[in-house]
Amino acid sequence: MRRHHPGPHGDGPHGGGPRHGGGRHAAEGGWGHERRGGRGGRRGVFEASELRLVLLKLIADEPRHGYDLIRAVEELTGGGYVPSPGVIYPTLSLLEEMGHIAKADAEGARKPFAVTPDGTAQLAQDKDTVDALFARLAALATRRAHTDGAPIRRAMENLKAVLMHRLGREGVDADTVHAAVSILDEAAQRIERLP
């Protein structure tokens, strides 16, 4: 049977947990950052309830600290998405309140979280959803590899340098700018038509 223990501020129909650390951002499921040359980027890759299942599955695989979970998601996506501590830790608190995880017996002050029998039952109940979520993470890693590989980065940096050098000169007229724009548009169209 699925157990549910809402936090002090309630959990709502889709989750959200206590309003500390992640605040409204965590409650809306806006976790993770798409990396495009650094942190920052698009929100809302997964709902809060989906993030709970992802973290629960990772903890079921092996006991983990919050930082371990951030790194695990980053590795699963090939560096494409990195959930922030402000979202991870409130979600862990909620999972603990729901009885799905608990502090593991371990040496040291920082004890990792381990899955509980209730957490294992929840994963079994939501197996199809969990499988779909991890497939989505793998797809993000594939997209990252295709769009952010070293050759692509080199070519993009080269293009940027050429544009700045050629169009940054004094006396560049409008015809030259329009010609450069036309070349870029044509290149974009050719790439879009690639098989």
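A word on burial first: a residue is called buried under 20% relative accessible area, exposed over 50%, and partly exposed in between, with a 1.4 Å probe and protein chains only. Please keep in mind that this is a predicted model, where local features need pLDDT of at least 70 and side-chain atom pairs count only at pLDDT 80 or more, while totals for chains, interfaces and linings use all residues. Residues are numbered from 1 along each chain as its sequence is written, and side-chain values use heavy atoms, with hydrogens and water left out.

Now the charge pairs. Side chains of opposite charge can pair when their charged atoms come close. I call it a salt bridge when a side-chain nitrogen of Lys or Arg is within 4 Å of a carboxyl oxygen of Asp or Glu. That rule gives five salt bridges, and I will show some of them.

Take Glu74, which counts as buried at 16% relative accessibility. Its side chain forms a salt bridge with that of Arg71, at 2.7 Å from N to O. Both residues belong to helix α3 (residues 66-76) and sit three residues apart, about one turn of the helix. Helices here are DSSP runs of H or I with at least four residues, strands are runs of E with at least two, and both are numbered from the N terminus.

Next, Lys57 and Asp61, whose side chains are joined by a salt bridge of 2.8 Å, N to O. These two are four residues apart in helix α2 (residues 48-61), so about one helical turn separates them. Lys57 is partly exposed at 27% relative accessible area, and Asp61 is partly exposed at 46%.

Then there is Glu62 with Arg64, a salt bridge at 3.7 Å, N to O. Glu62 is partly exposed, at 43% relative accessible area, whereas Arg64 is buried at 13%.

On to the loop. Where is Thr116? Thr116 lies in the loop between β2 (113-115) and α5 (117-125). With 15% relative accessibility, Thr116 is buried. Leaving out residues up to four places away in sequence, Thr116 touches Gly99, His100, Ile101 and Ala102; contact means heavy atoms within 4.5 Å.

Which residues of α5 are buried? They are Asp118, Gly119, Gln122 and Leu123. These cover an arc of only 140 degrees around the axis, so they are on the same side of α5. The arc is taken from the directions from the helix axis to the C-beta atoms. Pro117 and Ala124, on the other side of α5, are exposed.
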